[in-house]
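Subject: Structure for your review

Dear colleague,

Please find the structure below, together with its sequence. My account of what was found follows it.

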Amino acid sequence: LSGRQLQVLGGIVRGLQNKLIAYELGLSIRTVEAYRDQLLERLGARGTADAVRVAIAAGLIDGADLS
């Protein structure tokens, strides 16, 4: 994943809506949606929960951070 995709993934893991992720990163909502779609495809995930599971298994995110 690219650096920006990892940033979007971090927002997703924190449970943020696309609008809030966009605001935090200084992007448009549409751009966040595009990054979200790209990272789901790259991770082979069918949805947000699946993406989080794959990211934890791949070591992209520390599962302890979700507590």
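A search of the whole structure finds 2 salt bridges, a salt bridge being a side-chain nitrogen of Lys or Arg within 4 Å of a carboxyl oxygen of Asp or Glu. Please note that this is a predicted model, in which local features need pLDDT of at least 70 and side-chain atom pairs count only at pLDDT 80 or more, while totals for chains, interfaces and linings use all residues. Residues are numbered from 1 along each chain as its sequence is written, and side-chain values use heavy atoms, with hydrogens and water left out.

Salt bridges

One of the two joins the side chains of Glu 24 and Arg 14, at 2.8 Å from N to O. Because Glu 24 lies in helix α2 and Arg 14 in the loop between α1 and α2, this pair ties together parts that are 10 residues apart in sequence. Helices here are DSSP runs of H or I with at least four residues, strands are runs of E with at least two, and both are numbered from the N terminus. Glu 24 is partly exposed, with a relative accessible area of 49%; buried means under 20%, exposed over 50%, and partly exposed in between (1.4 Å probe, protein chains only).

The other salt bridge links Arg 30 with Glu 33, whose closest N and O atoms are 3.3 Å apart. These residues are 3 apart in helix α3 and are therefore separated by about one helical turn. Arg 30 counts as exposed, at 57% relative accessibility, whereas Glu 33 counts as partly exposed, at 28%.

Overall fold

The protein chain has 4 helices and 0 strands. With 67 residues, a compact globule would have a radius of gyration near 11 Å, and the value of 11 Å for the protein chain agrees. That radius is taken over C-alpha atoms, and the globule rule is 2.2 Å times the number of residues to the power 0.38. The C-alpha trace spans about 30 × 25 × 20 Å along its principal axes. Of the 67 residues, 30% count as buried.

In soluble globular proteins, nonpolar side chains tend to be buried together. The largest nonpolar core in this model has 14 residues, among which Val 8, Ile 21 and Leu 39 touch the most other members. Each of α1, α2 (18–25), α3 (29–43) and α4 (48–57) supplies at least two residues of this core, and α3 gives the most, with 4 residues. Such a core is a set of buried Ala, Val, Leu, Ile, Met, Phe, Trp, Tyr and Cys residues joined through side-chain atoms within 4.5 Å.

Leaving aside neighbours within four places in sequence, Leu 39 is in contact (heavy atoms within 4.5 Å) with Leu 1, Gln 5, Val 8, Leu 9 and Ile 12. Gln 5 lies in helix α1 and counts as buried, at 3% relative accessibility. With residues up to four places away not counted, Gln 5 touches Tyr 35, Gln 38, Leu 39 and Arg 42.

Leu 1 lies in the segment before α1 (3–13) and is partly exposed, with a relative accessible area of 34%. Beyond four places in sequence, its contacts include Leu 9, Leu 43 and Leu 60. The C-alpha atoms of Leu 1 and Ala 22 are separated by 18 Å.

Yours sincerely
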